[in-house]
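This report looks at one protein chain, first as a whole and then at two places within it. Keep the sequence and the structure in view while reading.

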Amino acid sequence: MRRSFSCLPLSRLCAALLLPLLLLAAVPARAEYWTIASEDHFPPYNYSFNGNRTGIDTEIVAALLKELDVTPVHRPLSWNEVLQAMDNNTADVGFQFIASPARFAQYNMIGPFRTGTTVFMVRKDSTITFDRLEDLSPYRIGVVEGFNYESAFDAATYLDKVPSSSNVVNFRRLILGRVDVLVGDLHVLTYMAKQDGRLKDVRVLPKPLGLVPRYIAMPKARKEKADRLQAAFVKLRDNGTIDRIVNQWLDQ
């Protein structure tokens with residue numbers, strides 16, 4: 001005659017019932033991976049070093065994803081490719097974006113997670129000055145294709161803006177005299193000059209173009225993930241984690 005659970009001693013019955021639960025608990029939760037699109041070389045915010053992605057914004061995004069127990073899979077791209085990844089919904093996260101009504105309409109925007117200073121850089125011996133945008137109308141201004149800088153500058157069709165694929169190309173054009181002015185983030189342009197050993201050959205014009213808040217973007221189709229990331233951002237902003245990351249980098 002076969003024995004049923006009701007005939008088992010209590011200790012054996014408990015063991016028989018608990019074993020499947022223990023086995024289930026021992027199985028690790030399924031790992032979650034998000035694809036992260038960022039410009040290939042935009043130091044000190046995002047770049048590759050010894051085969052790893054690093055930089056201020058890369059570290060901020062990593063901290064946010066760690067809060068969500070998500071593993072990042074980085075895709076270094078040109079900036080236009082970052083935009084395409086957001087537009088085509090082929091990546092979960094893209095950074096770093098400047099706010100505009102069009103961007104808020106196109107993407108889920110998380111942040112702002114930091115504020116950048118946008119400036120003009122010229123050669124050391126240049127006599128160029130900047131008080132208002134019209135002062136720059138006689139000059140060739142190096143810009144990165146697809147970048148937004150500051151609303152008045154972006155709308156100034158009377159300026160001679162010379163597009164290129166990256167800040168690296170722009171900086172070398174400035175040194176070679178192929179453009180007269182660069183526009184960009186203060187820390188990025190300064191980093192480029194130091195990296196090329198040409199810091200003594202350039203100068204930043206005293207008046208900045210503007211202080212520009214930076215955002216993380218996610219495709220509209222990924223609203224649930226965006227809500228999770230926004231919640232992580234609020235937590236790490238409020239507890240000071242994001243400020244600590246920025247300050248640790250810029251104090252170096």
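## The chain as a whole

The chain contains 9 helices and 11 strands. The model is a predicted one. Of the 252 residues in the chain, 43% are buried.

Contacts can also be sorted by how far apart the partners lie in the sequence. Taking contacts between residues at least 6 apart in sequence, 71% join residues that are at least 24 apart.

## The largest pocket

The largest pocket has a volume of about 260 Å³. Its lining is made up of Pro44, Tyr47, Ile56, His187, Thr190, Tyr191, Lys194, Trp249, Leu250 and Gln252. By residue type, the lining of this pocket divides into 6 nonpolar, 3 polar and 1 charged.

Which helices each supply at least two residues of this lining? They are helix 7, residues 186-195, and helix 9, residues 241-250. Helix 7 gives the largest share, with 4 residues.

## A buried charged residue

Glu39 belongs to strand 1, which covers residues 32-39. Glu39 is buried, yet it has no salt bridge. The nearest side chain of opposite charge is that of Arg214, 7.8 Å away.

What does Glu39 touch, leaving aside residues up to four places away in sequence? Its contacts are Asn46, Arg53, Leu77, Trp79, Val82, Phe95, Phe147, Ser165 and Ser166.

How values were computed. Residues numbered from 1 in each chain as written. Predicted model: local features only at pLDDT ≥ 70, side-chain atom pairs only at ≥ 80, totals over all residues. Heavy atoms only, no water. 1 Å grid on protein atoms, 1.4 Å probe; cavity = no way out; pocket = protein on both sides within 12 Å on 5 of 7 lines; lining within 4 Å. Points joined across faces, edges and corners; volume = space filled by probe spheres on them. Nonpolar A, V, L, I, M, F, W, Y, C, P; charged D, E, K, R; others polar. Buried < 20%, exposed > 50% of the residue type's maximum accessible area, 1.4 Å probe, protein only. Lys, Arg positive; Asp, Glu negative; His and termini not counted. Salt bridge = Lys/Arg side-chain N within 4 Å of Asp/Glu carboxyl O. Contact = heavy atoms within 4.5 Å.
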